[in-house]
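The sequence and structure come next.

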Amino acid sequence: MQLGPVLVMTGVMLGLGPKLLVPWLGLRRAILIGSLVFAAGEALAAFASTPASFVLSIFVASVGVTCIPALVGLAANLGDADRCNSPH
């Protein structure tokens, strides 16, 4: 019964969060703050004693998920185009 709202919140934050927060915070700060917020949300979920506190902790973690696309973008920009196309 609690799974629906959790999945909706996570999907919305993963879809909209990076487009709103990464330009505002910058790439480095988005990665640092997003990682910390995600870790805090997961820690809160581990100690949640009620369903409402669990859903709230997942909301916090889903806000922190905005760092994932920023990390993927950073990793993609660090790669060398010639090296990526080489067969070895």
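## Helix 3

The expected span of a helix is 1.5 Å times one less than its number of residues. Helices (H or I, at least four residues) and strands (E, at least two) are DSSP runs, numbered from the N terminus. The model is a predicted one, in which local features need pLDDT of at least 70 and side-chain atom pairs count only at pLDDT 80 or more, while totals for chains, interfaces and linings use all residues. Residues are numbered from 1 along each chain as its sequence is written, and side-chain values use heavy atoms, with hydrogens and water left out.

The buried residues of helix 3 are V55, S57, I58, A61, S62 and G64. Seen down the helix axis, they fall within an arc of 165 degrees, so they line one face of helix 3. The arc is that of the directions from the helix axis to the C-beta atoms. Buried means under 20% relative accessible area, exposed over 50%, and partly exposed in between (1.4 Å probe, protein chains only). The face of helix 3 turned away from the buried side carries the exposed residues A52 and L56.

## Two buried serines

S57 lies in helix 3, which covers residues 51–64. S57 is buried, with a relative accessible area of 1%. Leaving aside residues up to four places away in sequence, S57 touches G41, L44 and A45; a contact means heavy atoms within 4.5 Å.

S62 is also placed in helix 3, and at 1% relative accessibility S62 counts as buried. A polar atom of the S62 side chain lies 2.8 Å from the backbone oxygen of F59. A polar contact is a pair of N or O atoms within 3.5 Å; within protein, one must be able to donate a hydrogen and the other to accept it, and residues adjacent in sequence count only if both atoms are side-chain atoms.

## Helix 1 and its G11

G11 is found in helix 1 (residues 3–25). With 43% relative accessibility, G11 counts as partly exposed. G11 and S62 are 51 residues apart in sequence, and their C-alpha atoms are 8.1 Å apart in space.

## Helix 2

Helix 2 (residues 27–46) has 20 residues and reaches 28 Å from its first C-alpha to its last, close to the 28 Å expected at 1.5 Å a residue. In helix 2, A30, I31, G34, G41 and A45 are buried. Down the axis of helix 2, the buried residues fall within an arc of 105 degrees, so they line one face of the helix. On the other side of helix 2, R28, R29, L36 and A46 are exposed.

## Nonpolar core

The largest nonpolar core has five residues: V22, L25, A30, I31 and A70. The elements that give two or more residues to this core are helix 1 and helix 2. Such a core is a set of buried Ala, Val, Leu, Ile, Met, Phe, Trp, Tyr and Cys residues joined through side-chain atoms within 4.5 Å.

## The chain as a whole

The secondary structure of the protein chain comes to five helices and zero strands. Of its 88 residues, 24% count as buried. Among contacts between residues at least 6 apart in sequence, 73% join residues at least 24 apart.

The accessible surface of the protein chain comes to about 6,200 Å², of which 73% belongs to carbon and sulfur atoms. Accessible areas come from the Shrake-Rupley method with a 1.4 Å probe; for residues, only the protein chains shown count as cover.
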